[in-house]
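Please look at the sequence and the structure before reading on.

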Amino acid sequence: MVKKIEWSDKFMLGIPEIDMQHRSLVNSLNKLVEKYDTNPGEIKEILDFFVDYVLLHFETEEALMEKYAYPDMDEHVKEHRAFTKDLNRLMDDFIMLGPSPEMERRIEKGLVSWIENHIMNVDKKMGKYLKEKMGS
Ligand SMILES: [Fe+2]
């Protein structure tokens, strides 16, 4: 069983647009995990949705970083790109190979833990900066 992310206020940046998207992202990832545990052959549709939503969400964050000239934008965008690449690889492998213990590990480490850590560290840092800029 892959561990789900329990949504809580600790994830909030205080920027409604991003917080709302993070919540949807976590929801969608939890659905994916749930499906993987019960019916792993049928995750393709949720995975498709998740991939699209991730792209939309990264675009939103990157547009805000750009707009407010966030100094650590390059580093942040690099993380987004690396994740997108891993996610696409995972998607391809899943289509070719289907569920496996290795796939489960990749979902756990590559998706769930990554999202959790990224929001808690990298996004939080960005959020602090953006909030200040938006308020001024
Ligand atoms: Fe981010």
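The model is a predicted one, and every value given here was computed from it.

**Helix pairs**

Two packed helices are described by the angle between their axes and the distance between the axes. The table gives both values for two pairs.

| Pair | Angle between axes | Distance between axes |
|---|---|---|
| α2 and α3 | about 170 degrees | 11 Å |
| α1 and α4 | roughly 170 degrees | within 11 Å |

On the side of α2 the contact includes Leu-47, Val-51, Val-54 and Phe-58, while on the side of α3 it includes Met-73, His-76, Val-77 and His-80. Sorted by class, the residues of this contact are ten nonpolar, three polar and two charged.

The axes of α1 and α4 cross at roughly 170 degrees, and these two helices are therefore roughly antiparallel to each other. Here α1 contributes Ile-18, His-22, Leu-25, Val-26, Leu-29, Val-33 and Tyr-36, and α4 contributes Ile-107, Leu-111, Val-112, Ile-115, Ile-119 and Gly-127. The contact of α1 with α4 has eleven nonpolar residues and two polar ones, with no charged residues.

**Length and burial, helix by helix**

Helix α1 covers residues 16–38, and its 23 residues should span 33 Å at 1.5 Å a residue, which agrees with the 33 Å between its end C-alpha atoms. Its buried residues are Ile-18, His-22, Leu-29, Leu-32, Val-33 and Tyr-36, and what covers them includes α2 and α4.

Helix α2, with 24 residues, reaches 35 Å from its first C-alpha to its last, close to the 34 Å expected at 1.5 Å a residue. Leu-47, Val-54, Glu-61 and Leu-64 are the buried residues of α2, and their cover includes α1, α3 and α4.

Helix α4 runs over residues 101–135 and bends by about 40 degrees at Asp-123. Asp-123 is also one of the buried residues of α4, which are Ile-107, Leu-111, Ile-119, Asp-123, Met-126, Gly-127 and Leu-130; these residues pack against α1, α2 and α3.

**Three single residues**

Why does Leu-111 count as buried? Leu-111, a residue of helix α4, has 22 other C-beta atoms within 10 Å, and a residue is buried if there are 20 or more. The C-alpha atom of Leu-111 is separated by 8.4 Å from that of Phe-83, although Leu-111 and Phe-83 are 28 residues apart along the chain.

Ala-69 lies in the loop between α2 and α3, and with 9 C-beta neighbours inside 10 Å it counts as exposed, since the limit for that is 12 or fewer. Most residues other than glycine have a negative phi. The phi of Ala-69, however, is positive, near 50 degrees.

Ser-8 lies in the segment before α1 and counts as exposed, because it has 7 C-beta neighbours inside 10 Å. Ser-8 and Met-120 are 112 residues apart in sequence, yet 11 Å apart in space from C-alpha to C-alpha.

Key: Residues numbered from 1 in each chain as written. Predicted model: local features only at pLDDT ≥ 70, side-chain atom pairs only at ≥ 80, totals over all residues. Axes fitted to C-alpha atoms, helices over the stretch in contact; angles between N-to-C directions. Helix = DSSP H or I, 4+ residues; strand = E, 2+ residues; numbered from the N terminus. Contact = placed C-beta atoms within 7 Å. Nonpolar A, V, L, I, M, F, W, Y, C, P; charged D, E, K, R; others polar. Expected span 1.5 Å × (residues − 1). Bend = angle between axes of the 7 residues up to and from the residue. Parallel < 35°, antiparallel > 145°, perpendicular 65-115°, else oblique.
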